Amino acid sequence: MIKIETFIFNPFSENTYIVFDEESKESCIIDPGCYEYFEKQELNEYILKNKLNIKYLFNTHCHIDHVLGNNFIKSTFNPEFYFPHGDLFLFDLLEMQASSFNIKLEPVIKPEKFFSEDLELSIGKIKLHFIHTPGHSPGEYCIYVPQENICFTGDVLFNESIGRTDLWQGSYTDLNVSILSKLYNLPNETIIFPGHGNTSTIQHEKKYNPFVKAN
């Protein structure tokens with residue numbers, strides 16, 4: 001059975017997720033935003049307390065608030081690190097991103113592997129699928145868990161909102177297409193876990209999201 005723990009980190013109130021299979025304790029960390037020392041300690045204590053095996057580190061996209069904890073997670077637990085290939089240029093701009101928001105940034109560990117839509121990974125018996133959803137950033141991927149009706153939507157789709165499209169090659173047209181053609185085609189009961197704010201469902205967003213209306 002899947003277990004999801006949410007941590008709200010850094011000045012951007014970013015959602016960092018630990019997702020694990022309760023039986024095997026295999027887990028992944030999605031968008032580690034831990035920035036302050038106490039945030040890293042909070043994450044570490046949870047992992048140790050629950051005796052988790054951190055198998056994967058995932059960045060849905062490469063905006064600064066979603067990658068601040070990469071070094072800590074990689075150096076502490078050494079998971080396989082997956083990343084959107086289309087956001088490599090944003091990785092190269094991390095220092096500029098950090099300075100524009102007055103964030104102190106140490107050199108960030110480079111990604112090892114890249115997402116694709118035919119990639120399938122697993123934590124225990126839980127299979128993970130990956131959906132390319134450009135718009136907020138060119139490379140962004142959502143992480144879909146079909147057997148649990150769960151989707152981690154990064155900064156693409158929020159509770160009654162959508163991600164910004166005015167940052168570093170964002171595109172409202174692409175974001176609209178990603179949501180309409182991919183996320184809104186998931187089952188209505190799918191619970192979305194966004195990069196900021198509260199959870200929602202696909203059904204709720206199709207009905208109430210004021211920015212992208214279901215066709």
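Which residues of helix α5 (residues 172–181) are buried? They are L175, N176, S178, I179 and L180. The model is predicted.

**Aromatic pairs**
- The structure holds 17 aromatic pairs.
- One of them joins F7 and F9: the ring centres lie 5.6 Å apart and the planes meet at 20°, under the 30 degrees cut-off, so this pair is stacked.
- Both partners, F7 and F9, are buried.
- Another joins F58 and F115, with centres 5.8 Å apart and planes at 50°, so this pair counts as tilted.

**The F58–F115 link**
- This pair connects distant parts of the chain, as its two residues are 57 residues apart.
- F58 belongs to strand β4 (residues 53–58).
- F115 sits in the loop between β6 (113–114) and β7 (120–123).
- F58 has a relative accessible area of 0%, so F58 is buried.
- F115 has a relative accessible area of 6%, which is under the 20% limit, so F115 is buried too.

**The ring cluster**
- F58 and F115 also belong to a cluster linked by ring pairs.

**Helix α5**
- Strands β11 (157–158) and β12 (161–162) are among the elements that cover the buried residues of α5.
- The residues covered include L175 and I179, along with N176, S178 and L180.

Key
Residues are numbered from 1 along each chain as its sequence is written. This is a predicted model: local features need pLDDT of at least 70, side-chain atom pairs count only at pLDDT 80 or more; totals for chains, interfaces and linings use all residues. Side-chain values use heavy atoms; hydrogens and water are left out. Rings of Phe, Tyr and Trp (its six-membered ring) pair if their centres lie within 6.5 Å; planes under 30 degrees apart count as stacked, over 60 as edge-to-face and the rest as tilted. Buried means under 20% relative accessible area, exposed over 50%, partly exposed in between (1.4 Å probe, protein chains only). Helices (H or I, at least four residues) and strands (E, at least two) are DSSP runs, numbered from the N terminus. Contact means heavy atoms within 4.5 Å.
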